[in-house]
Amino acid sequence: MEIGGAGVLQIRQVLLFFVLLGMSQAGSDSGRFSVAEEMQSGSFVGNLAKDLGLEVGELFSRGARVVSNDNKQRLQLDINTGDLLLSEALDREELCGSTEPCVLHFQILMKSPLQFLRIELQVKDINDHSPVFLEKEMLLEIPENSPVGAVFLLESAKDLDVGINALKNYTISPNSHFHIKMRVNPDNRKYPELVLDKALDYEEQSELNFILTALDGGSPPKSGSALVRVVVVDINDNPPEFEQPFYEVKISEDSILGSPVVTVSAWDLDSGKNGEISYMFSHASEDIHKTFEINQKSGEVSLTSPLDFETTEAYSIIIQATDGGGLFGKSTLRIQVMDVNDNAPEVTVSSITSPIPENSPEIVVMVFSIRDRDSGENGRMICSVSENLPFVLKSSVENYYTLETERMLDRESQAEYNITITVTDMGTPR
């Protein structure tokens, strides 16, 4: 019998109707099972016959088997017992990532008549991953003048587990400066913030180290940790301070040019440029600038012009130490010039009587004064006249002397005298 093209098409439509009818009937039944991830191959998932109300013999007679859209045989069916078993260990994180719940879809295919039963398998998470920090060491640079309560963001940890086994909390090792506050992103990811509890001080502690720990919610919880290094950034909050607030030195007035006088020293608790110190004379007179100079880096004061005790006995100089940030400290330097015996005594005649009458007792021949511009023994003087002369020296007021006759003179015996008055200081050499 021959069937025309229209007849073949009609037969095909009838067959398709029956196949779709069988599938639609099968689609009305479904089974839901669950299994923990990482269970071994062959582990029991559930009994298909019992859960779907089928007879075991029916599964066998109809050649029931498990199929999936990706053609991966993760489940196997024992048609003799109706048990569903794992064909391989399942890794929830590999199958579903962060999606929760993790549900795999299968079909039970039975023939004669054709029927599909839907199977859903939920893979439950176990706590098989610890939180992990991508960076094992975090570096924060925090200025020492940061206010208490300031917040600093830290890197978050990653935990592949989900639900109760996911990352739950952060802690840090005990310290007096910071605590951890946990925040939640809009995508529900948890991240830590570092909160400043106590003001930082670079000079007290330039670096702080502590351990940041991430904990999940498993039982027992798993954890991961990272080192947090807080480098305290120095600010210019300390002025230079001199080792001595007052320096006093003595220098001989005959010191050669270039001679070192003293080296002053200051320190600064700040670091870097803020701790670099330069020295200078502060509000010094032209005479001081002409006589002395200071090395800006070393603080050494040296002599640049001759000293003269008789002109200036001492110098008072304010020295300023300035750091790279403009803060400064001050100290006073007093330089005492030491006298040397570089001046001879001087004689100044106030009056002289010549000639003098003979036969006159105690005649004042001369009035004079003496002085020596040196000091101490160098300026202490003795005055004398030649011996064997009828004249005597008498001291009057300070440094004034008179030369007087010691007895009456006789012109006929000696009409003229040459008198040498010697003034000698007590210095070395005289």
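Which residues does UniProt list for "domain: Cadherin"? The unreviewed entry gives four stretches: residues 68–133, 134–242, 243–347 and 348–429. Keep in mind as you look around that this is a predicted model.

**How confident is the prediction?**

The chain averages a pLDDT of 86, and 93% of the residues score at least 70. Residues 1–28 are another story: pLDDT stays under 50 there, and the model has 11 contacts for this stretch beyond four places in sequence.

**Two of the listed stretches**

Let's take residues 68–133 from the UniProt list. This span is 8% helix and 44% strand, and its end C-alpha atoms lie 37 Å apart. For residues 348–429, the chain is 0% helix and 41% strand, with the end C-alpha atoms 23 Å apart.

**A sheet with the order 2-5-4**

Now for some strands. Three of them make an open sheet in the order 2-5-4, with antiparallel pairing. Strand 2 (44–47) and strand 4 are the edge strands, each pairing on one side only. From one strand to the next, the twist averages 25°.

Strand 4 pairs with strand 5 (residues 83–86) in the antiparallel sense, over four bridges. Within strand 5, Leu-86 is the residue opposite Leu-75. The two strands form a hairpin with four residues between them, and Gly-82 in the turn has a positive phi of about 85°.

Look for Asn-47, which stands opposite Asp-83 in strand 5.

**A sheet with the order 10-14-13**

Another open sheet has three strands in the order 10-14-13, and its pairing is antiparallel. Its edge strands are strand 10 (151–153) and strand 13 (178–184), each pairing on one side only. The twist averages 35° from one strand to the next. Strand 10 and strand 14 (residues 190–196) are joined by three bridges in the antiparallel sense, and Leu-153 stands opposite Glu-193 in strand 14.

How many disulfides does the structure hold? The count is one. A disulfide is a covalent bond between the sulfur atoms of two cysteines. In this model it joins Cys-96 to Cys-102, with an S to S distance of 1.9 Å. The link is right-handed, with 65° about the S-S bond.

Helix 4 (residues 92–96) also holds Glu-93. Leaving aside neighbours within four places in sequence, Glu-93 is in contact with Glu-37, Asp-125, Asp-128, His-129, Leu-160 and Asp-161. Is Glu-93 buried or exposed? Glu-93 counts as buried because its relative accessible area is 11%, and the cut-off for buried is under 20%.

The table shows how some residues compare with that cut-off.

| Residue | Relative accessible area | Class |
|---|---|---|
| Cys-96 | 17% | buried |
| Cys-102 | 0% | buried |
| Cys-383 | 19% | buried |
| Ser-305 | 13% | buried |
| Glu-38 | 38% | partly exposed |
| His-283 | 79% | exposed |

**Loops worth a visit**

Ser-305 from the table lies in the loop between strand 23 (300–303) and strand 24 (314–323). Not counting residues up to four places away in sequence, Ser-305 touches Leu-257, Lys-290 and Thr-291.

Where do you find Glu-38? Glu-38 is in the loop between strand 1 (30–36) and strand 2. Its phi is near 70°, a positive value in a residue other than glycine. His-283 isn't a glycine either, yet has a positive phi of about 50°. You'll find His-283 in the loop between strand 21 (277–281) and helix 5 (286–291).

Finally, some prolines. The peptide bond from Glu-100 to Pro-101 is cis, with omega near 0°; Pro-101 is in the loop between helix 4 and strand 6 (102–110). The bond from Ser-219 to Pro-220 is cis too, with omega near -5°. Pro-220 belongs to the loop between strand 15 (207–216) and strand 16 (223–233).

Technical notes: Residues are numbered from 1 along each chain as its sequence is written. This is a predicted model: local features need pLDDT of at least 70, side-chain atom pairs count only at pLDDT 80 or more; totals for chains, interfaces and linings use all residues. Side-chain values use heavy atoms; hydrogens and water are left out. Buried means under 20% relative accessible area, exposed over 50%, partly exposed in between (1.4 Å probe, protein chains only). Contact means heavy atoms within 4.5 Å. Two strands pair if DSSP finds at least two bridges between them. UniProt positions are given in the numbering used here, feature names are shortened, and annotations may be inferred rather than shown by experiment. Axes are lines fitted to C-alpha atoms, for helices over the stretch in contact, and angles run from 0 to 180 degrees between N-to-C directions. pLDDT is the predictor's confidence in each residue, from 0 to 100. A disulfide is a pair of cysteine sulfur atoms within 2.5 Å.
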